[in-house]
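This report describes one protein chain, going from the whole fold to a few single residues. Please look through the sequence and the 3D view before reading on.

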Amino acid sequence: MTIATAQEILRFATPADWLEAVLTDFDTFLCDHASAEKKASQMAITMISHYPDRTELVNVMSDLAVEELSHFREVIKWIHERGSQLASDRKDAYVIALRKAIRNGTDEYFMDRLLVAGIIEARGAERFGIVAEGLPAGRMQEFYQAITNSEKRHYHSFVDLTYLYLDKTAVDQRMHELLDIEAEICSKLPFQAALH
């Protein structure tokens with residue numbers, strides 16, 4: 001499979017009703033966004049802890065953890081600037097459902113962890129891009145445009161790592177399977193002021 005842009009690989013396009021739910025309760029969306037960035041940073045640190053002998057992975061995940069935590073800090077600034085405060089984390093039904101597809105077995109588990117993380121980043125790129133298009137011109141729109149580009153890079157980083165460590169044909173086949181699973185999960189999610 002030729003690795004396309006994040007939005008091109010997804011097999012379910014987010015409907016306009018999702019953006020309407022987000023813009024109707026943008027403060028809640030910002031809190032969910034902050035939570036997602038924090039969890040992404042934690043996931044990268046966990047990958048380093050589980051695979052300390054994979055040098056390239058450690059390097060990429062170290063950079064990703066710092067960048068995601070920086071995004072977390074930036075979203076908190078937006079939340080406070082709008083007179084709101086950070087909310088408690090909520091369980092993310094999308095991520096929980098997608099992680100259930102991760103297989104057991106050393107290589108299978110490693111492959112699926114990387115690919116699932118990449119797909120989550122691809123969905124983030126798609127949805128943050130939709131938010132950027134839906135916001136009025138200004139600092140917030142520019143922020144979400146930058147976040148969109150960052151999520152696209154992260155998607156490619158996860159796929160590139162998978163190719164580095166595992167057989168490309170097997171990776172491509174599994175990516176197709178996981179993209180079908182992700183599309184089915186997304187198609188059943190309710191629209192709410194949250195990333196997923």
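What percentage of the 196 residues of the protein chain count as buried? The share is 51%. The model is a predicted one, and the values below are computed from it.

**The chain as a whole**

The protein chain contains eight helices and zero strands. Along its principal axes, the C-alpha trace covers about 50 × 30 × 30 Å. The radius of gyration of the protein chain is 16 Å, which agrees with the value near 16 Å that a compact globule of 196 residues would have.

Contacts can also be sorted by how far apart the partners lie in the sequence. Among contacts with a separation of 6 or more, 82% are between residues 24 or more positions apart.

The accessible surface of the protein chain is about 9500 Å², and carbon and sulfur atoms account for 52% of that area. As for charge, there are 21 positive and 31 negative side chains in the protein chain. The centres of these two sets are 4 Å apart.

Where does Thr 14 lie? Thr 14 is in the loop between helix H1, residues 6-9, and helix H2, residues 16-24. Thr 14 counts as buried because its relative accessibility is 11%, and the cut-off for buried is under 20%. Leaving aside residues up to four places away in sequence, Thr 14 touches Arg 123, Glu 126, Arg 127 and Ile 130. With two of these residues, the side chain of Thr 14 makes polar contacts: the distance is 2.6 Å to the side chain of Glu 126 and 2.8 Å to the side chain of Arg 127.

**Two partly exposed residues**

Asp 17 belongs to helix H2. Its relative accessible area is 44%, so Asp 17 is partly exposed. Ser 157 is found in helix H7, which covers residues 139-165. With a relative accessible area of 25%, Ser 157 is also partly exposed. Partly exposed refers to the range between the buried limit of 20% and the exposed limit of 50%, which means that both values fall inside it.

Each of these residues can be paired with a residue elsewhere in the sequence, as the table shows.

| Residue pair | Separation in sequence | C-alpha to C-alpha distance |
|---|---|---|
| Asp 17 and Gln 192 | 175 residues | 9.1 Å |
| Ser 157 and Glu 121 | 36 residues | 9.9 Å |

Technical notes
Residues are numbered from 1 along each chain as its sequence is written. This is a predicted model: local features need pLDDT of at least 70, side-chain atom pairs count only at pLDDT 80 or more; totals for chains, interfaces and linings use all residues. Side-chain values use heavy atoms; hydrogens and water are left out. Helices (H or I, at least four residues) and strands (E, at least two) are DSSP runs, numbered from the N terminus. The radius of gyration is taken over C-alpha atoms; the globule rule is 2.2 Å times the number of residues to the power 0.38. Buried means under 20% relative accessible area, exposed over 50%, partly exposed in between (1.4 Å probe, protein chains only). Contact means heavy atoms within 4.5 Å. Accessible areas come from the Shrake-Rupley method with a 1.4 Å probe; for residues, only the protein chains shown count as cover. Lys and Arg count as positive and Asp and Glu as negative; His and the chain ends are not counted. The place of a charge is taken as NZ of Lys, CZ of Arg, CG of Asp or CD of Glu. A polar contact is a pair of N or O atoms within 3.5 Å; within protein, one must be able to donate a hydrogen and the other to accept it, and residues adjacent in sequence count only if both atoms are side-chain atoms.
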